[in-house]
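Here is a short report on one protein structure. Please look through the sequence and the structure first, then read on.

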Amino acid sequence: MEQAASAIDTLLEIMRRRRNNRRYKADPVPDGHINTIIEAARWAASGANSQPWEFIVIRDPVRKKEIAELFAGALQKGREVDPKFPSGTEEMLRSKYENAPILIAVCADPRLKQAYPASGFRESILYISMGAAMQHMHLAAVALGLAMCWGTVGRFTEEPLGKLLGVPQPLIVKEVFTLGFPVAEIEPKYRRSVSEVVHLERMDPTKLRSDEEIAKAIANRRAPDIYTAG
């Protein structure tokens, strides 16, 4: 029992320390650390044990710059679609990708959707599986003293990223993580308490956030890949 308590305490501490960190030291990331992060990802749960993921590790400064330009260009197009979204600056995105020691592109293989039941939501199963692997990567990075940040691949970056990275169809680039040793720890963001989010037997509508609270949470977004509620 004591060993189990120690293990869960360690796991929860790692989870609480996970942040989206954009500022990294110039120190190189050891190959062993990268391999450990991928090892963590490959043990994630996936629909029908389909393991629909592939990973591209990127160190080349030229390629990082090309990726940064794709995201900066997508930001401009995004402003045309949603001018009110707090999109930050092109320079912020360029710095994020160019200055990170490592980028990891995470690709999904939609052919594996055939492993899932046709009566279900095959697309959802695929991307839930991908999300599980990505979360494992974040937690492994924290345990190694590293930091990662989501890249928020969208409709304006998905296809050009695939071409740039030589990803054959029908595979899709779903994420580009930045990775490195953080310059500094980031303070934790607000989290709703367990009592606020747990419902017993049936949903309790009185515990749900009001429309005003939801509107406030949405209004607190600060950048294209930051979503915060407090």
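## The sheet

Ile58 stands opposite Leu103 in strand E2. Helices (H or I, at least four residues) and strands (E, at least two) are DSSP runs, numbered from the N terminus. This is a predicted model, in which local features need pLDDT of at least 70, side-chain atom pairs count only at pLDDT 80 or more, and totals for chains, interfaces and linings use all residues. Residues are numbered from 1 along each chain as its sequence is written, and side-chain values use heavy atoms, with hydrogens and water left out.

E1 and E2 run antiparallel and are joined by six bridges. Two strands pair if DSSP finds at least two bridges between them. Four strands make up an open sheet, in the order E1-E2-E4-E3, with antiparallel pairing. E1 and E3 stand at the edges with a single partner strand each, so one side of each has no neighbour in the sheet. On average, neighbouring strands of this sheet are turned by 25° against each other, direction ignored.

## Helices on the sheet

H2 packs on the sheet. H2 touches E1, E2 and E4, and its direction makes about 165° with that of E1. Contact means heavy atoms within 4.5 Å. Axes are lines fitted to C-alpha atoms, for helices over the stretch in contact, and angles run from 0 to 180 degrees between N-to-C directions. Helix H3 (residues 61-81) lies across E1, E2 and E4. H3 runs at about 115° to E1.

## Helix H5

Helix H5 covers residues 122-143, which makes 22 residues. From its first C-alpha to its last, H5 reaches 32 Å, close to the 32 Å expected at 1.5 Å a residue. The expected span is 1.5 Å times one less than the number of residues. H5 is followed by Gly145, whose phi is positive, near 80°.

Buried means under 20% relative accessible area, exposed over 50%, and partly exposed in between (1.4 Å probe, protein chains only).

## A buried arginine

Where is Arg18 placed? Arg18 sits in the loop between helix H1 (2-17) and helix H2 (31-42). Arg18 is buried yet has no salt bridge. Its nearest side chain of opposite charge, Glu175, is 10 Å away. Lys and Arg count as positive and Asp and Glu as negative, while His and the chain ends are not counted. Not counting residues up to four places away in sequence, Arg18 touches Gln135, His138, Leu139, Val142, Trp150 and Arg191.

## Salt bridges

A salt bridge is a side-chain nitrogen of Lys or Arg within 4 Å of a carboxyl oxygen of Asp or Glu. By this rule the count comes to nine. One of them joins Arg59 to Asp31, with the closest N and O atoms 2.5 Å apart. Arg59 lies in the loop between E1 and H3 and Asp31 in helix H2, so the pair ties together parts 28 residues apart in sequence. Arg59 is partly exposed, at 43% relative accessible area. Asp31 is partly exposed too, at 49%.

Glu90 and Arg79 also meet in a salt bridge (3.0 Å, N to O). This pair links distant parts of the chain: Glu90 in helix H4 (residues 90-99) and Arg79 in helix H3, 11 residues apart. Glu90 is buried, at 18% relative accessible area, whereas Arg79 is partly exposed, at 29%. Another salt bridge brings together Lys163 and Glu159 (3.4 Å, N to O). Both lie in helix H6 (residues 158-164), four residues apart, about one turn of the helix. Lys163 is exposed at 61% relative accessibility, and Glu159 is exposed at 51%.

## Backbone details in the loops

Which form does the peptide bond from Gln169 to Pro170 take, cis or trans? The bond is cis, with omega near 5°. Pro170 is found in the loop between H6 and E4.

The loop between H2 and E1 holds Asn49 and Gln51. Phi of Asn49 is positive, near 50°, in a residue other than glycine. Phi of Gln51 is positive, near 45°. Asn49 counts as exposed at 55% relative accessibility, while Gln51 counts as partly exposed at 39%.
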